[in-house]
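These notebook entries record what I looked up in one structure.

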Amino acid sequence: MQQQRSINGPEPLRDPATLRRLLSPRSVAIVGVSADPIGFGARSIGNMRGFAGPVWAVNPKYAGQELHGFPCYGSIAELPEAPDCALLALPRQGIMPAVEACIEKGAGGIIAFASGYGETGLAERIAEEEALRDRCRAAGLPLVGVNCLGIVDHVLKAGVTFMPEYARLTAPAGGVAITSQSGALGYALMQAAERGFAVCHMTTAGNATDLDVCDLAAYQLSMPECRAVALAVEGLRDGRRIALLGEAARKAGKPIVVLKLGRGEAGAAAAVSHTGSLAGSAAAWSAAFKRAGMVEVEDFDALLETAGLFAKVGKPKAKGVAIVTASGGAGIMAADHAEALDLPMPQPSADAKAVLEAAIPDFGAPRNPCDLTAQAASDPTSFGKCVLAMAADPQYGVIVYPQVYSHHQTTTGRIQEIANLTERAGKPIIVAWIPEQLEGPGAAAADASPVVPLFRSMRRLMKGIKLWQAYHDRQEEAPPTPPPGLEEAIAALPGKGAVLTEAEAKALFAKVGVPVVEERRAATADAAAEQATALGFPVVLKLDSPDIAHKTEVGGVRLHLADADAVRGAFGAIMSSAKAHAPTARLDGVLVQRMAQKGVELILGARRDPQFGAMVLVGTGGVQAELWRDVALDLAPVTPERAEAMLRSLQGFPLLDGFRGSPKADVAAVAKAVSAFSVLAAEAGERLQEAEVNPLIAGPWGCLAVDGLVKCG
């Protein structure tokens with residue numbers, strides 16, 4: 001059940017100390033266990049056989065007996081002590097009575113598998129789930145679920161889940177914790193422990209009736225065994241909690257690798273401005289993750305591998321990537337993927353090259369990529385010599401080793417050698433697992449190693465390196481300075497639902513320091529000619545109407561008007577075209593503007609996202625903005641420095657940077673305008689629903705807002 005977003009502030013994260021009994025229990029009661037070995041209760045209690053603490057079954061039918069090897073009690077009240085974790089393997093109708101019994105007994109928290117609540121969409125079931133949440137919160141009884149799959153504390157060997165065969169997950173508890181909204185996907189990730197991947201904890205939120213993925217992941221950050229969190233999120237009752245979780249991760253010094261499931265853009269279609277259709281939900285989530293300092297991956301396959309990388313390596317000591325391989329083809333493959341991501345692959349220094357030349361046959365390649373050739377098998381010392389030589393070169397921060405084949409006799413030993421070399425080198429050595437023998441000898445050794453990251457895709461490996469470097473390049477920044485005129489601008493905003501005319505919108509932007517084009521209003525053809533003469537030719541005429549947001553679509557713009565007669569003719573043409581396209585629209589005349597200097601057309605926009613509040617967008621603009629979709633999005637407000645980073649991330653940034661000899665735009669001036677615009681959007685709060693400048697023309701002389709739109713909230 002996704003609750004309505006608070007208009008005040010996000011609900012604070014739950015204190016991890018209050019969740020310890022529930023999520024890392026020392027005693028567990030499983031309520032609703034039956035004799036049926038495939039029932040959810042029986043499966044769950046079977047997963048507790050490796051757990052050191054007491055485990056109690058609860059079912060009045062079997063009271064005083066052993067059930068699946070565990071003592072069974074007739075009720076929660078009869079348990080010998082209050083359980084840390086009470087797992088309710090009951091149908092929906094039995095949940096609330098069991099909750100009351102858990103409250104009376106003093107349980108540390110509950111997990112509820114039951115479904116059929118708010119996810120049905122039925123009003124009475126939604127109300128029932130809300131009542132359950134309210135009762136648990138009033139009693140201080142944290143709840144995982146409903147409609148969830150349970151949790152696993154792999155450190156304690158507590159498999160509090162109905163998924164069978166937890167005993168097969170034999171990997172040692174390691175540095176990655178998993179939190180997933182989807183129970184099935186969460187356990188799918190957890191099953192990596194069967195192949196050796198070291199996981200310490202797994203939680204599934206289900207409906208997130210009480211605890212959501214942010215609360216659960218924040219608990220995992222508090223675990224000493226956790227070094228990174230793999231987070232799969234579908235949605236939140238309040239997306240602003242992402243920022244709170246990001247702050248918790250920053251304080252803990254532990255990265256969160258996140259995958260957003262459900263990236264549809266349908267909600268953007270109803271927006272009034274171009275900005276609305278560009279700034280869809282997927283982009284907003286990505287911006288929120290980035291601002292929170294999280295590492296976003298795009299594929300489910302990359303989630304656990306990338307989290308494993310972050311759990312096993314420290315900060316990069318240099319940007320360069322060294323590739324050491326016994327296969328020339330694998331080296332070429334690695335170099336191709338590194339180059340595609342602009343990862344630098346410098347050639348080895350003289351000292352490193354001397355070692356390579358002495359260790360590699362003359363038909364090898366003592367360079368980067370370094371090809372040892374198959375002859376490395378005849379000299380077992382050559383691999384270590386070359387790896388250590390490359391690692392000693394200060395240009396390199398990471399070494400990539402493509403494991404191109406898998407042999408029972410040698411591959412596991414090679415992984416152990418890599419682990420030893422990693423300790424000696426002080427730099428990570430990442431294994432690219434090439435064989436289609438995906439679980440071949442050596443793969444499990446790398447997955448279980450605390451220092452050897454392994455990827456089963458060269459593309460994902462190089463992307464992981466890129467994300468790792470970017471994560472550690474982050475810098476803390478102070479909030480932007482409010483521009484002069486901010487309070488005056490906010491005070492000038494009209495009431496809910498109002499749409500400002502172009503002239504009114506640009507006057508608002510000018511108050512906070514966004515440069516705007518000089519213009520004058522004219523209600524008649526003669527008045528337009530008079531104003532044009534006063535401004536100086538050539539001029540532009542634009543339709544002035546509070547009912548028409550996009551003037552070009554109704555023939556409401558005329559450019560390059562060189563004299564008064566041209567202005568009069570353009571006025572008549574604009575009025576006729578507007579009446580034909582929008583017969584009921586109010587037509588107040590035209591805006592007369594001096595033709596702006598030539599420059600690069602950008603789009604600058606802001607809108608209120610239902611999850612994250614004010615967002616700011618900048619991109620390649622003009623009437624083709626939606627065609628090119630070259631935009632950068634961030635949470636408002638942004639500093640001038642962050643605004644400049646947004647500009648530099650655009651594919652069209654070379655146009656601002658002197659492409660093919662054209663004059664360079666004053667990027668700092670553009671960034672300052674973007675920042676001021678974003679502060680207005682953020683500080684206006686819910687009074688401003690959408691705002692847009694399109695185009696914002698940028699050149700060596702600065703920037704100029706030529707058109708504007710504001711819709712009030």
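**Entry 1: lysine 551.** I listed the contacts of lysine 551, leaving aside neighbours within four places in sequence, and found Glu502, Lys542, Leu543, Gly556, Val557 and Asp707. Contact here means heavy atoms within 4.5 Å. I placed lysine 551 in the loop between β22 (539–543) and β23 (557–561). Helices (H or I, at least four residues) and strands (E, at least two) are DSSP runs, numbered from the N terminus. Lysine 551 is buried, at a relative accessible area of 5%. Buried means under 20% relative accessible area, exposed over 50%, and partly exposed in between, with a 1.4 Å probe and protein chains only. I also took the C-alpha to C-alpha distance from lysine 551 to alanine 228, which is 51 Å for a separation of 323 residues in sequence.

**Entry 2: basis of the values.** I note that this is a predicted model, in which local features need pLDDT of at least 70 and side-chain atom pairs count only at pLDDT 80 or more, while totals for chains, interfaces and linings use all residues. Residues are numbered from 1 along each chain as its sequence is written, and side-chain values use heavy atoms, with hydrogens and water left out.

**Entry 3: valine 400.** I found valine 400 in strand β17 (residues 396–403). Its relative accessible area is 0%, so valine 400 counts as buried. Beyond four places in sequence, the contacts of valine 400 include Val321, Ala322, Ile323 and Val324, together with Ile430, Met458, Leu461, Met462 and Ile465. For leucine 461 I read a C-alpha to C-alpha distance of 8.8 Å from valine 400, at 61 residues apart in sequence.

**Entry 4: glycine 413.** Glycine 413 lies in helix α14 (residues 411–425). I recorded glycine 413 as partly exposed, at 43% relative accessibility. Proline 441, 28 residues away in sequence, is 9.4 Å from glycine 413, C-alpha to C-alpha.

**Entry 5: aromatic pairs.** How many aromatic pairs does a search of the whole structure find? The search returns 8. Rings of Phe, Tyr and Trp (its six-membered ring) pair if their centres lie within 6.5 Å; planes under 30 degrees apart count as stacked, over 60 as edge-to-face and the rest as tilted. One of the pairs is stacked: phenylalanine 40 and phenylalanine 162, with 3.9 Å centre to centre and 5° between the planes. Phenylalanine 40 belongs to helix α2 (residues 40–46) and phenylalanine 162 to the loop between β9 (158–161) and β10 (176–180), so this pair ties together parts 122 residues apart in sequence. Phenylalanine 40 is partly exposed, with a relative accessible area of 40%, whereas phenylalanine 162 is buried at 12%.

I then examined phenylalanine 113 against phenylalanine 162: the ring centres are 4.8 Å apart and the planes stand at 85°, so the pair is edge-to-face. Phenylalanine 113 sits in the loop between β6 (110–112) and α4 (123–139), so its pairing with phenylalanine 162 joins parts 49 residues apart in sequence.

**Entry 6: charges over rings.** A charge sits over a ring if NZ of Lys or CZ of Arg is within 6 Å of the ring centre and within 35 degrees of the ring normal. I noted arginine 414 over the face of phenylalanine 383, at 4.0 Å from the ring centre. The charged end of arginine 474 lies over the ring of tyrosine 471, 4.2 Å from its centre.

**Entry 7: backbone geometry.** I recorded a cis peptide bond from asparagine 368 to proline 369, with omega near 5°. Proline 369 is in the loop between α12 (350–359) and β16 (370–371). The bond from phenylalanine 537 to proline 538 is also cis, with omega near 0°. Aspartate 342, not a glycine, has a positive phi near 60°, and this residue is exposed at 63% relative accessible area. Arginine 660 likewise has a positive phi, of about 50°, and is exposed at 79%.

**Entry 8: the whole chain.** I counted 24 helices and 30 strands in the protein chain. Its C-alpha trace spans about 100 × 75 × 40 Å along the principal axes. Of the 713 residues, 55% are buried.
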